[in-house]
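Please look through the sequence and the model below before reading on.

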Amino acid sequence: MEEYRLTLEEAIDLYRRAGLSFFPLKRGDKRPLAKLLPDGSWRPYQSRLPGDEEVREWLRHEPINVAVVCGAVSGNLAVLDFEGEEAFKWFLGRVRGTKAEYSVANTWIVRTGRGFHVYLRAPEPVRTKPRLRQGLDVKGEGGYVVAPPSLHPSGAEYVFVFNDPRRVGIARLEREEWEELLRILAPEEPRPAETKPGRRLPEDAVVRIVDALRPAYRPGCRDLIVFYLAGWLRKAGVDYESARRIVELLAEGDEERESRLYVVDRTYGLRGHPPSEEEMKGRTGLQEILEEQLSEERALEAMRALEEAIGAASPFKDTIFELLDYERQIYAVANLRRGIIARARRTKEGVKYRERVAVVAPVEVVVYEDPLGGYRRFKVRYEGMRTLILGPAPIEDHVARLKLEGLIYHSRLASDTISAVLNAFVRKGRAQVVREFDRPGFFLVDGELRPVNVELGEASRDELREALELLRALAEDWYPHAEERFATVVKWGLRAPFSYAYKQMSPGRWLPWLFLVGQRASGKTTLGRIVLAMWGLPRHEYERSGTSIDTVPRLGHILSRSTFPTLVNEPGGALAKEEVVEAIKAAVEGLVARGRFVHGGYMEVPALAPLMFTSNRPLPADQTLLRRFIIVRFHYSDQIPRDLAEKFEERILPQLGQLKAVGCWAAKLVCGEPKLLEDPLELLKRLHEEANLPTPPWCYLELKEEVEEDPAERVRGALVMVVNEVYARHFRGWAETEVREKLLSIARNRLLPWLHLKGDEELVLTEGVVEELRRRDVDVASLKSLADLTGWDYRTVKLAGRAVRAVVATVDDVASFLAPTVEE
């Protein structure tokens, strides 16, 4: 496809020599550049050509787009406006072999941002025919087209193609050619006997619509008014009889009344080719025409009256109104054409703007209403000073983000005004309301277990076989010391994403969460990551620290994102907070994680996700909490040597992505047979059957019940280690020396800042001992807790003339605790 690019000066010279009327548009836009036009309007150029001084002024201005005016002023110019390449190719095929073929092949053709313009001169003035058929407008009297070298809003440049406009002029069609062309483009169809039922408008509403439009119903724009009005009425569910009655009244005395009624018939699918919803989407509508014919205030009042009478907002890029104050007649206004949200007041002169609240306006709104409950979430495309898409998110998050982007001009009014506008989209039928689970995971829907917004993809049986072989290698080669714990974690991980659905299916029944606890560097976190890998979960989203759940709102956020498990490392700080612990207990067993108040309404936050905890510290003491977990313990002997850990990271860690095939097949099996959730071993067997593999021994292993290590033993082991390390650092013969002598030597020489000798027989332990124990992964809450564990005294003593709270015990008692007598 040959392209012929012109500079702006060359294009304007071409248009003047071709006898065309033209005027400037905003750069990258289709709207007139009002400040360079007489009285801010392009209407004068519908009856005259621009003068030399006007053109020089336009060229001195900042970069501009240029529009060519159609109709009699430009020599009966008619432009066929094809919205896409498919419609244009269809036209070229249909015109081949007709009388008009030569003229179409030898005229100006322009590639636009989305389609093509074909410039022709008709035998007589042609009125604009919007949506003559799907993907086609005919621009004529009262219309204009954006012309080269303008910039389309998408960033594409309007450019001449096929023919060089400096050598080929605009083809002039004979009447016979033009009539044949129209027959090709809009073949007449018989009117069906019946029309689809709709909502009948009362007579007073019909009259109000006619009264609102009559002042602007003038030659040059009448066909467009009827086109956009008919589209609005049809979209709003108004019946055909009401729509026809409105146009009959509006077109009284109009010499082309039958043509106006034809537009109504075509819009309602009775004749010709009705415009599709996709074609209507995003087009400017009545407001642009009303503003050109009336003042802005009167145009806004007309739009408000139309919206009220029709009972639905305009489906085009017009203004949407929502009444805020009945007494003072204050409205929230979203002007989609200008890209602003404002407050306005209705007066006798019309609707007048008051405060500009935001410099963007919503043009597309999708509302998610979650069957799980909770607040509505809005996904909105905003246009104006900037174009951005926000959400799905609650309205307050939209306001916060718009403030952050610097698009809010009136903070005090922003929340109420934007809320009113978005809810007006819903109430007036402009929003798409989607009632579905908008969070990813597995849910019980209409009695069936279904994946929702889950993209696990497809995995072949070969990929499943490779993944199961990798699991076998992990169990036998890398976790041989902990195969039964490995099996427990994998079985839990296979069922974890279905835990919410399990609660839905079996009220009162629930799957416990997972707690991996004990010796550091023993592979606990890696086991959690294996679970994440089976479901293809990115670590940056599904592996968190304990601070991510250390408040009830943070916990609620993590639990309500999806039904997939989240790995939480070191949750100790969170588990020390009573309100967090109580929320966790409720979330494990129930469907709701927490409640919250939003805009005066109580919203429930669903408990979708199970959690995996890993910790090097002792378990919390709350037994009612621990009963809701599968506890998997790791000991000193489970510690993995550094060189082996490095080899694992180098060789095995990059392969964990293969495990996603396990999750893919598990989802398929469980959704088909939910009863598999009751027996994870059976699920593992079925997975191996699908891969034509025998079920390996590790799958049959079960976690053995372990007795929890006595907290006092952990304290004893840590203190013995401290005493031996300090004594060996400063004295010889530490192995032969009795514990009592070590304690006295360390205390007398003040080698530990928290160990003091009082008199000859008492030892005083101050707050530093608690920090020492914590550094060694022994979680003792306070000195009082240490006294309770050891049976020593907790009291106030004087040290260096200052009263402090401390643990006090005789040297013999401490020595006896650190080196107990072993009974036979």
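Does Arg-427 count as buried or exposed? In this predicted model, Arg-427 counts as exposed, because its relative accessibility is 57% and the cut-off for that class is over 50%. The side chain of Arg-427 meets that of Glu-322 in a salt bridge, with 2.6 Å from N to O. Since Arg-427 lies in helix α14 and Glu-322 in strand β12 (residues 319–325), the pair ties together parts that are 105 residues apart in sequence. Glu-322, for its part, is buried, with a relative accessible area of 14%.

Helix α14, which spans residues 411–427, also holds Ala-424, a residue that is buried with a relative accessible area of 0%. When its neighbours within four places in sequence are left aside, Ala-424 is in contact with Ile-320, Phe-321 and Glu-322. The C-alpha atoms of Ala-424 and Leu-323 are separated by 9.3 Å, although these two residues are 101 residues apart along the chain.

Other salt bridges can be followed in the same way. Side chains of opposite charge can pair when their charged atoms come close. The count for this model comes to 62 salt bridges. One of them joins Arg-260 and Asp-223, whose closest N and O atoms are 3.2 Å apart; because Arg-260 lies in helix α9 (residues 257–267) and Asp-223 in helix α7 (residues 222–235), the pair ties together parts that are 37 residues apart in sequence. Both Arg-260 and Asp-223 are buried. Arg-461 forms a salt bridge with Glu-690, with the closest N and O atoms 2.7 Å apart, and this pair ties together parts that are 229 residues apart in sequence, as Arg-461 lies in helix α15 (residues 461–478) and Glu-690 in helix α26 (residues 680–690).

The strands come next. Strand β24 (residues 566–569) is covered on both faces, with Thr-566 and Val-568 buried on one side and Leu-567 and Asn-569 buried on the other. Strand β23 (residues 543–545) runs parallel to β24 and is joined to it by three bridges, and Arg-544 stands opposite Val-568. Together with helix α20 (residues 552–559), β23 and β24 make a right-handed β-α-β unit. Strand β24 is also joined by four bridges to strand β27 (residues 611–615), again in parallel, where Asn-569 stands opposite Thr-614.

Strand β28 (residues 629–634) is mostly covered, since five of its six residues are buried. Strand β22 (residues 513–518) pairs with β28 in the parallel sense over six bridges, and Gly-518 stands opposite Phe-634.

Notes. Residues are numbered from 1 along each chain as its sequence is written. This is a predicted model: local features need pLDDT of at least 70, side-chain atom pairs count only at pLDDT 80 or more; totals for chains, interfaces and linings use all residues. Side-chain values use heavy atoms; hydrogens and water are left out. Buried means under 20% relative accessible area, exposed over 50%, partly exposed in between (1.4 Å probe, protein chains only). Helices (H or I, at least four residues) and strands (E, at least two) are DSSP runs, numbered from the N terminus. Two strands pair if DSSP finds at least two bridges between them. A crossover is right-handed if, with the strands pointing away from the viewer, the path from the first strand over the helix to the second runs clockwise. Contact means heavy atoms within 4.5 Å. A salt bridge is a side-chain nitrogen of Lys or Arg within 4 Å of a carboxyl oxygen of Asp or Glu.
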